[in-house]
Amino acid sequence: MKFKELGLSEDLLKAVTTAGYEEATPIQAETIPMVLAGQDVIGQAQTGTGKTAAFALPILEKIDKKNENVQALVVSPTRELAIQTQEEIYKLGRNERANVQVVYGGADIRRQIKSLKNHPQVVVGTPGRLLDHIRRHTLKLDHVQMLVLDEADEMLNMGFLDDIEDIIKQLPEKRQTMLFSATMPPEIKRVGVQFMHDPKHVKIKAKELTTDLIDQFYVRSRDFEKFDVMTRFFDVQNPDLTIVFTRTKRRVDELSSGLQARGYNAAGIHGDLTQKRRTQIMNEFRHGKLDILVATDVAARGIDINDVTHVYNYDIPQDPDSYVHRVGRTGRAGKHGVSMTFVTPNEMDYLREIEKLTKVRMLPLKPPSDEEALVSQLGAAKEAVADLVNKTDTEKFAEVAKGLLAEYDAEDLVAALLNDMTKDDSSQVPVKITPERPLPKRGSKGHGGYHHGGGNRRGGNGGGGYRHRQDRRGNGGEHRGGSRGGHDSRNHDSRNHDSRNHGGDRNRRSNNSGRRSEGGRGFTIRKKD
Ligand code: ADP
Ligand code: MG
């Protein structure tokens, strides 16, 4: 649906075009007119579907720019999300000169007090810090007409429901309330009942999965084992075109560097890369110049490639819809696909939740051992050698070949060739992936137990994994250890906007001294990238 049809002002339509949005996403198309009409709205749509603009645009439409009071309050679960949300609202409201400020824990409160004195019409904040400002009377909420509870499921996970109640008590009874969330646990529904007036529910369904074409497996594995297990699976399955999904930007960087170090032709995309670089990587992947694409959910939006043979969920997605979205990248256009989902022992409930949605049981796979992986690789290498011999102009190399045979044992020479053709295993190239905080234990709603065991599926479309041997040698050792690789990972703020309008001190965002977890989460947020 076109933004033009949604009843937004010219200024906002211009900002939408500047932002590069061509069409409204489904959640935007449905909720924007409702919010404009003054209704309370509960909007549910999976991560990365543009929920921020869904409330930002109508808020910007409705606030009175001449009024100096805080008219809209957006509550965000984390500092990162709060900053991103403030940036998005600011960006969209730029033509109308809307004043949007952000407050969050773990940052200098005096600066924030100053920024709140600037008469913002919109304030974005994390619950704890908002309460802090309310208690200090540095944030006055008696003119708030619109309240947004954003990423409500995340706020629930982080234990912010009580804080949110306390905040809501400070707001005028007569107001419009919007709640956005990727998932809708009962506790969140209750918030809707308690604090909203006759809310309209909008639920955008994820695309259905054509499950009969996709073999869906899961692998129980501890977080620190996943990387070695995954590369062993690559060796036995020999996937052609693979997407590896992971939860955080840091992991995208670490996984792609680690994979390169082990000899795989891999690259990662996430929101910190420039659009140009992302497009470049996507094109390489599309044309088979890249075997493995590592991505976060958001970065993978709109990836439309038909020949993906394998999807690896390095981290299990938190909401089942994201799973469907991820795994739906394979098994397209009548082709067969494979999905592999890593699950740590305490994430089994998430797996069951996914199975409930897809109505398909995932089959457990046991991780192959290094030896098994090597056997598979050698099998493939044998075929590849046959190909190589066939296409080699023997005469050209005869002299050097004779020289080598005079110098070395023939068996040693072939062994060296095979060694070079097979990928380095974990004992040769150790890769350490920084631990991320696991998903919170799911609520008490008991799900069934889990099953174990099962055999390995042996892949074998011979040789496919070897075609980029050269690349691999090119950047071998420098990625060792899986630290940030050679990507052009830019600072997050590529949007180049007027820093005057930023509430908090952005340099402090990695300061972990916040007294609440909202300020001190030392990891990137699943939601965005
Ligand atoms: P959510 O809150 O649903 O997880 P976001 O609001 O963070 O999603 O949006 C995800 C990404 O999509 C952001 O980079 C945002 O700028 C972009 N985006 C939002 N709306 C559109 C649109 N209509 N067209 C293209 N991109 C969009
Ligand atoms: Mg969001």
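Predicted model: local features only at pLDDT ≥ 70, side-chain atom pairs only at ≥ 80, totals over all residues.
Helices (H or I, at least four residues) and strands (E, at least two) are DSSP runs, numbered from the N terminus.

Residues are numbered from 1 along each chain as its sequence is written, chains are lettered from A and ligands numbered from 1 in the order in which they are written, and side-chain values use heavy atoms, with hydrogens and water left out.

Seven strands make an open sheet with parallel pairing, in the order 10-11-9-12-13-8-14; two strands pair if DSSP finds at least two bridges between them. At the edges are strand 10 (266-269) and strand 14 (363-364), each pairing on one side only. Strand 14 runs parallel to strand 8 (residues 214-220), and two bridges join them. Phe217 has Leu363 in strand 14 as its bridge partner.

Helix 14 (residues 348-358) packs on this sheet and touches strand 8 and strand 13, where contact means heavy atoms within 4.5 Å. Its direction makes about 165 degrees with that of strand 8. For these angles, axes are lines fitted to C-alpha atoms, for helices over the stretch in contact, and the values run from 0 to 180 degrees between N-to-C directions. Helix 10 (residues 226-237) lies across strands 8, 9, 11, 12 and 13, at about 160 degrees to strand 13.

Most residues other than glycine have a negative phi. Asn238 is not a glycine, yet has a positive phi of about 45 degrees. Is Asn238 buried or exposed? At 10% relative accessibility, Asn238 counts as buried; the cut-offs are under 20% relative accessible area for buried, over 50% for exposed, and partly exposed in between (1.4 Å probe, protein chains only). His119, also not a glycine, has a positive phi of about 60 degrees. His119 sits in the loop between helix 5 (109-116) and strand 4 (122-125), and is partly exposed at 39%.

Next, aromatics. Rings of Phe, Tyr and Trp (its six-membered ring) pair if their centres lie within 6.5 Å; planes under 30 degrees apart count as stacked, over 60 as edge-to-face and the rest as tilted. The whole structure has five such pairs. One of them is Phe55 with Phe180, tilted, at 5.4 Å centre to centre and 45 degrees between the planes. Phe55 is in helix 3 (residues 51-62) and Phe180 in strand 6 (residues 176-181), 125 residues apart. Both Phe55 and Phe180 are buried. Phe234 and Tyr312 pair edge-to-face, at 4.7 Å and 70 degrees. This pair links helix 10 to strand 12, across 78 residues. Phe234 is buried at 3%, and Tyr312 at 0%. With Tyr264, Phe234 and Tyr312 form one aromatic cluster.

Last, charges. There are 19 salt bridges, a salt bridge being a side-chain nitrogen of Lys or Arg within 4 Å of a carboxyl oxygen of Asp or Glu. Lys356 bridges to Glu353, with the closest N and O atoms 3.9 Å apart. Why are Lys356 and Glu353 separated by about one helical turn? Because they are three residues apart in helix 14. Lys356 is exposed at 52%, whereas Glu353 is buried at 16%. Finally, Asp223, Lys226, Arg251 and Asp315 are linked in a network of salt bridges.
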